[in-house]
Amino acid sequence: MWEILAVEVAKAVVTGAVGGLKEVVTGALARGRDEEQVTALLGDQPGLETAIVEAVRADPEFAARLSELVSVHSGPPGTARSMPRLADPFVDRTSALTGGSAPGLHLVTGRRGVGKTSLVTRIAAETADRFPDGQVYVDFTEWRTGSVLRRTEIVTHILAELGVDNALLTANAPELWAQYRRVTARRRFLLALDNAESLTDVRELVPPSPHSLVLVTAIRPDDELLAEYPSAEIKLDALDEESALELLAHITGRAVVDAERPRSKELIEACDRMPYAIRLAAVRIAKRARRSKEPIASVLADLRSGGALGGTDVIAAAFAETFGELSGDAAELCLLLASHPGGDFTERTARVLLGRPVGDALDELDDAGFLAPVRESRLKLYNLVREGARRRADEESTVVDRLLGFYRDQAVAADFRAGADRLRCYRVPGAVPAGDFDGPNPIDALNWVDREREAYASLVRSASRRGRDVEVGQICGALEILMINRGHLRLFAEITNWGIESAQRLGEDALEARIRSQQGRAYLLSHEFARARPQLDRALELARGLDNPGLESSVREFFGRFFEEQRDYENASDLFASSIALDRAMAQAGSRALGLHTRMQANVFVKRGAYDRALAALDESAANTADVRNLSRVWTVRTKALIGLGRVGEAGHAFQHSWRLAEEAGATQYSAELNDLYGDFLAARGDWKSAHDYWLRAYKTYYDAGHPKQFELQPKVSPVASR
């Protein structure tokens, strides 16, 4: 653990990213060293890391103070609040509440329905003020495909919940895990991992920070998990009798329980005093009380006649009876939601599934105790309810059919709002959908697609397996706007795997070339060059065999980016030049691409020091660029060229244009880059103090996100960089 934290401490000391840290570290290093030796260590990061590890091992008090300083809220304030709704009332479990509240890992075990998740949510509520970086909830059930746990997607989800900008999440798997360790080492947060099955599920997700709390629930944990955390287990069993009766009375009403006290005790024993079984039985009793003088006896008789022999049977029987009393709309919606590929859902999604308004049906499911609120107006079926509904009917094909058209139309509508003249190789529907968004602007559509990105990933996976290749191709093509504007590189790369398969089955070479080139782009931006190259090679091979100069120009562009990211500027420049030649040959049809490619060529010229050539290329780019996001990039490159030529006043005006246009486009992924660039402008003007402030802003963005670009900026923010 301390090896990871020592790296973070050393960086923070060198850059001043954490206030007060340098003084504490300097004081510890001064023990047994003279001033000259301490100063030398502060300028030697590897040596400083080693010295810090030695110091914390020798001095527990220093270790505690250091870990506290590093983990004192380094991220956005309290961003993560994704815990399920609190169970009301929460009874019994006093010792479990106390034992599970201390930092570290606690393993909550017990049967289905015994209240493991309820305990976790109660601990989260009662300890919220101790974990200022928030609370993150992960239900492993929703992240499994068969027996495979999609762990990298979970890591991406946790980082996003902790406030890491999606544009700063790396797609390279080893770097993503390193980023996760860097971020969680400096956060003080609660992580709930629900429905774990093995040590493999959990081990790499446990944060290095000693001040975080990890709550893991498991029905039947494997031996390795129990052996790894032998003192962490909190085993839940049945409620005590009084607590079980209290829970029953809260739902049915105290008078009902008091009127049938002996039968109440029999009922809770029939439920094995399991909280969820009691809750479902209590819902039945509350409804039966409207027409029966002895509702508890009546429900108990039904359970016994149905052969219920314990809590699990009671849950199944109560679900069956409650389900049988639902209206037609509510019952149909419950079955459809049980097969929803995205796990949680919104009211709008439920309406699409049912094909008609769902307000009353959702109210019924909520009253029946079937629904669990998640966050931001999102809901889900309780896992036990979902399993029971799935056993009743296989509705997955119907769900995919109903959702696919809606989600496809939303993605295509958002794509066209982003720009009607973008290169598209998917089959555009005859009439471009209008879309059902929260507002009329492109940013409203983009925000909607962004919020539903996990649902898209699950839906594309299910649709591809069912041979819905046209829709898969349409979604993959339209979702390019999500990667371009918001990042999500890893998620996009995984979605496009299915798109490539669908394009191949359709025999559409242009679509396959486009999807492969976009996947290659995602990989190259993540510096996974070995994975990017085969996709780009195949995309270019396909494009050359087609009479489609626009597609070939685009693929060559991505190849140019491939070389540029590896600092092979000569090959990059040649590739961009070949794209520009194709664009010019297409005249008006190539105008948009010409604007993009001349700007990219100009950026390479800047990196090669050919600033005048860059400005000439940017003039042509600006004349052929209409959309706001790309125009902001034109002005960004112009700023760099003008700084290089020493035309500082003009560079300041160019920068203001770039910043304003980026904000207008909602292109949040450029904020750190723009802070860095403004620091360069201020340094060129001789204002080194202000330059350092802006460089530090950029550095802190990357530092807080655990992004590797922090290492590129570190020389600028170190004391040596100041003038």
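Which residues touch the most other members of the largest nonpolar core?

**View 1. The largest nonpolar core and one of its central contacts.** In this predicted model, the largest nonpolar core holds 116 residues, and Leu267, Leu333, Leu365 and Phe370 are the ones that touch the most other members. Helix H22, which spans residues 396-418, supplies the largest share of this core, namely 10 residues. Apart from this core lies another one, of 89 residues, which includes Leu41, Leu162, Val164 and Leu193. When its neighbours within four places in sequence are left aside, Leu333 is in contact with Ala350, Leu354, Val358, Ala361, Leu362 and Leu365.

**View 2. Helix H25 against helix H27.** The axes of helix H25 (residues 469-478) and helix H27 (residues 489-506) come within 8 Å and cross at roughly 135°, and H25 is therefore oblique to H27. The crossing of these two helices, H25 and H27, is left-handed. From H25, the residues Asp469, Val470, Val472 and Cys476 meet Phe492, Ile495, Thr496, Trp498, Gly499, Ser502, Arg505 and Leu506 of H27. Sorted by class, the residues of the contact of H25 with H27 are seven nonpolar, three polar and two charged.

**View 3. Trp498 and its surroundings.** Trp498 is part of helix H27, and it is among the H27 residues that meet H25. With its neighbours within four places in sequence set aside, Trp498 is in contact with Val460, Arg461, Ser464, Arg465 and Val472. As a reference to another part of the chain, Ala124 is 374 residues from Trp498 in sequence and 38 Å from Trp498 in space, taken from C-alpha to C-alpha.

**View 4. Helix H27 against helix H28.** The axes of H27 and helix H28 (residues 509-525) come within 9 Å and cross at roughly 160°, and the two helices, H27 and H28, are therefore roughly antiparallel to each other. H27 passes H28 in a left-handed crossing. On the H27 side the contact includes Leu489, Phe492, Ala493 and Thr496, while on the H28 side Leu511, Glu512, Ile515 and Arg516 are among the residues that take part. In the contact of H27 with H28, 11 residues are nonpolar, six are polar and two are charged.

**View 5. Helix H33 against helix H34.** Helix H33 (residues 611-623) and helix H34 (residues 628-645) have axes that come within 9 Å and cross at roughly 155°, and H33 and H34 are therefore roughly antiparallel to each other. The crossing in which H33 passes H34 is left-handed. Among the H33 residues that meet H34 are Tyr611, Asp612, Ala614 and Leu615, and the residues of H34 in this contact include Val634, Val637, Arg638 and Lys640. The contact of H33 with H34 comprises 10 nonpolar, two polar and four charged residues.

**View 6. Two loop residues with a positive phi.** Most residues other than glycine have a negative phi. Arg93, although it is not a glycine, has a positive phi of about 65°, and this residue lies in the loop between strand S1 (80-81) and helix H6 (94-99). Ala587, which is not a glycine either, has a positive phi of about 55° and lies in the loop between helix H31 (569-585) and helix H32 (591-607). Arg93 counts as buried because its relative accessibility is 8%, whereas Ala587, at 53% relative accessibility, counts as exposed.

How values were computed. Residues are numbered from 1 along each chain as its sequence is written. This is a predicted model: local features need pLDDT of at least 70, side-chain atom pairs count only at pLDDT 80 or more; totals for chains, interfaces and linings use all residues. Side-chain values use heavy atoms; hydrogens and water are left out. A nonpolar core is a set of buried Ala, Val, Leu, Ile, Met, Phe, Trp, Tyr and Cys residues joined through side-chain atoms within 4.5 Å. Buried means under 20% relative accessible area, exposed over 50%, partly exposed in between (1.4 Å probe, protein chains only). Helices (H or I, at least four residues) and strands (E, at least two) are DSSP runs, numbered from the N terminus. Contact means heavy atoms within 4.5 Å. Axes are lines fitted to C-alpha atoms, for helices over the stretch in contact, and angles run from 0 to 180 degrees between N-to-C directions. Angles under 35 degrees count as roughly parallel, over 145 as roughly antiparallel, 65 to 115 as roughly perpendicular and the rest as oblique. A crossing is left-handed if the near helix is turned anticlockwise from the far one by less than a right angle, and right-handed if clockwise. Ala, Val, Leu, Ile, Met, Phe, Trp, Tyr, Cys and Pro count as nonpolar, Asp, Glu, Lys and Arg as charged, and the others, Gly among them, as polar.
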